[in-house]
Amino acid sequence: MALPLADRRGARQIDWILIFAVLGLVTIGLLLVFSATSHPGSAHEGFHWRQLTWFGIGAVCAYAVAAVHYRNYDTLAWVAYAISIVLLVLVFFVGVEVYGAKRWLRIGGFQFQPSEIAKLATIFVLARHLDQKRLDLARARNWIAPFFIVIVPMLLVLKEPDLATSLSFFVFAVVMMFWAGMPLSTLLLALSPVISVVGFFLTRSEWPFVFVFLGLLAWTRPRMPALVALVLVNLAVGLALPHIWDGLEPYQRGRIETFLNPGADPTGAGYQVIQSQIAIGSGGPTGVGYLEGTQKGLSFLPMKHTDFIFSVLGEELGFWGTGLVLILFAIVCFRGLRIAASARNAFASLVAIGVVSVFFYHVLVNVLMTLGWAPVAGVPLPLLSYGGTSLVMNCLQIGLLLNVGVHRHEY
Amino acid sequence: MARPALNREARNRRALTIGAAMAVGFITLVAGTVRLQLIKHEAYRQLAEQNRVRLEVVRAPRGRIFDRSGRLLADNTPAFAIVFRPPDNDLGIADSLADAPLKILERVLALPRADLQAVVRRAVRSGATMPFREDVEPVIVSQIEELRAELPHVEVQITPRRQYPLGTVAAHLLGYAGEINEAELATRKEKGYRLGDLIGRSGLERSYEEALRGKDGHQYVVVNAMGRRVGQLEDVPPVAPLPGQDLRLALDLDVQLALEEGMGDEGHGAAVAIDPRTGGVLGMVSRPAFDPNEFARGLSRSRWREFMQDRSYPLLNRAIQSTYPPASTYKIVTSLAGLQEGVIEPSTHMPVSCSGGYRYGSRWYKCWNHSGHGSLDLPAALAWSCDVYYYQLGLRLGVDRLATWAQKLGLGQKTGIDLPQERSGLVPTTKWYDRRRGVGKWSNGVMLNIAIGQGENLYTPLQIAQIGETIATEGALRTPHMVQEILDPITGHGKAVEPAPRQALTLPAETWAALSNAMERTVSSGTGGRAQVPGVRVAGKTGTGQNPHGDDHAVFVCYAPVEKPTIVIAVLVENGGHGGSVAAPIAQKALLAWLAPDLRLAQQRETARHDSLAAVRGIVAVAPAPADSMLLGD
């Protein structure tokens, strides 16, 4: 087993820019967790020390993951996948309930989210499958196996319920299929029923989608059997949906609406978004100053050190702070993309692009939420938000990227 | 082993696509922060500096209830509470009030200092608003408003309260609505109920809960550091509450008041009036009564216990929730069963003529008229209520054939009226006797009792009214219902409720006429004479229900006008004695109110001792007219 960081050649291959960006983000995160939790009367005092400890663990994991050649993970992928499915099922029975959702498992005094582990394991299995089979992904029958690989953990996570995390499965699966050779047009057509459902719930109307669908058909010109199948599936979805919707009891509809758009619930999430906007907006260009934030002390943000950490950043450090953090996130994402693109080994490349897409998705959804442009979804901001599982898993994924980067010239 | 590499060029193209997508994402995020932090910074800075935003729920008013001509039976009135709203921060504010505000509150609210401090402590610990005093007088409200500046975190909260302007009138059918409790909240949370919401607990308030309750709105208000409102958040438009739907009942307040007056304040029993053309309930009274306003205001624990321990069960709607022997009114059912089964014709005379009683086995079954009726045909037997005739008719029919027709008339089953917790009554069958007394342990002698409506027959007064309705409609019963229309509070459009008739019986028109004539004779020259109305043909049947626990129950059922009936009335007075002398006069008042209001007024002036009624009428007169009464078509 080679320890790439130990020799000088390995050290040269390391993506130091990525490492520094990550270190910068973690440092800012620690400072913000301290600021968000250390005001007098806080119920979370000392959380920055815990977060530092988690980072220590994360760094060790990242080093270990980076040091062991990814070839070894290839073989372990299915084992990890099986274990994570078992854990997700366990969550149902012995999970810890927080805010009405069962997302956590407790072992000893230690809590973690199996969905975070399942995400990585699924990326591995999917990468392995796509790499070994090398199938023509323009053909629909070759989508069946990937579909089942992803849908099982995805549905389990959705049932917790954790819509946002389960959507991340969808995101990396789509990106990896594309990366493995699925034509973009085919991809969009295959997703058309999904787009149709989402479009219906957002607009309560099928018409916008009909035009999009017709446009897609005109662009791709699929063969006749595929064309018929697509039209039929979309027609069925389109006709059934309003029917099903009307057949629901009003409170069931309310549940679905709240599920898809928690911001619609006036007593809960909508309030947080407005308060988050006020915090960010009041920061202005330069911020009110580190530890000087006034809005964070108010109880409007019960998750200010976790999901709404970006709001604290916006208030205290202003546009320079948010700008810097967004630049650091962009660096991580684009360095990750570069690693994925440069890896000669297909498996490694697929894992890298999966990891990058999930990371980007989380940044996007979380920051959009704090800006009030996306529903309150309960997604932490990677590397900044307080939370052990998330931080350790993110460090681990960065370690994976570094690993792939070091070995990028190997086949 | 090295596998063939992916097509590098294709992958670079894909990397470019993904890179472009990520770039768009990041540019969006930067644009979002630019918007909030550079463009709208000043607005948000002001909001953050001196103000905070708070969500306020705007409660939707509950739907009102009107009688058929738009007279108000239930509406809402604002109730004021003086509350303490703990500040929204966790900076650890002191959980007690300073001396100055305490003194003011002590004086204005007339509460001891310890109580005030306890409320503040509870509010700060729970983070929820807690009331010092609920339902306070407007005087106190204005005093608190004047002293607002000196009372941080103290607020006047307005909550809608249910109000029943006529008090005990129609209390049982209206029911009452009160503040939702923890247990109800736990089971109904998914329907959007919140703490402090009103919920219907009985009567129409309960059965039409879905229609009556509105949908709360909300608004974001800007509050200053003292927790005072300074305005509304402009970015987020308020969501207006959707008021609940109004109910227009089939009920006629005049009929209702006549029945209320007739039933008096003492005594127990029930009276029901139905429009046989629609099945709409014109009036429904149960005694003893209660005042739903008491429940709407909230009962003290001791008062609640009083209600629960009251052996006269004032909360029970006896019209649909108590069952009684129908007594001689049941002879109508026995007659119909005999005719339908073909065991008699209207002209049939029974073999044994009435000599004041009938021997069956070794027992002598008496007729109520000890001197005997002689030999009668069916109409005469019904008009004179001859027991001996019906003993023999019952024996010809047998328990189960009579039970079958009773069931076809809807007896022994819920009528399906739109009120909660209706009882189904009991039609005894051979199976029932076998189960109850054991196979072979009962004799056919029970048949004699059933045939004249005594014994094990038990029906609600509403079902007894339906017995009369069967003759009035010539067998075409309609499901009784309280609500005539559900009115949309915004458009004023109503959705009419008119259940279809269910034709249970098929008899020739002459037969119906014969029965109807017999019942008309009961009123014009028989036991029901006290239900006569000048100028109107009234048909009726009296009954005296044997009661093993005390005095007989008085029963009376009638309808009018005979040629085209528009009202059916059933009256039951517990321990009242004879139906003709006690129950019939009560029905007469309702008949007058419905068919001859002028006569009734004259009668009132004449007797001039209806103080209670006059008082009630006074309330009706001063009750504010419903704002949209023109929508109700009166």
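Reader: Which residues of β11(B) are buried on one side and which on the other?

Author: Happy to start there: Gly269(B), Ala271(B), Ala273(B) and Asp275(B) are buried on one side, and Ala270(B), Val272(B) and Ile274(B) on the other. This is a predicted model, where local features need pLDDT of at least 70, side-chain atom pairs count only at pLDDT 80 or more, and totals for chains, interfaces and linings use all residues. Residues are numbered from 1 along each chain as its sequence is written, while chains are lettered from A and ligands numbered from 1 in the order in which they are written.

Reader: What makes β11(B) and β12(B) a pair?

Author: Strands are DSSP runs of E with at least two residues, numbered from the N terminus, and two of them pair if DSSP finds at least two bridges between them. β11(B) and β12(B) (residues 280–287) have seven bridges, antiparallel, and therefore pair. One of the bridges joins Ala271(B) to Val285(B). The two strands form a hairpin with four residues between them, and Gly279(B) in the turn has a positive phi of about 85 degrees.

Reader: How do you know that β21(B) pairs with β11(B)?

Author: By the bridge count again: six bridges link β11(B) to β21(B) (residues 567–573), so they pair, in the antiparallel sense. Here Ala273(B) stands opposite Ile569(B).

Notes:
Buried ≥ 20, exposed ≤ 12 C-beta atoms within 10 Å, placed from the backbone.
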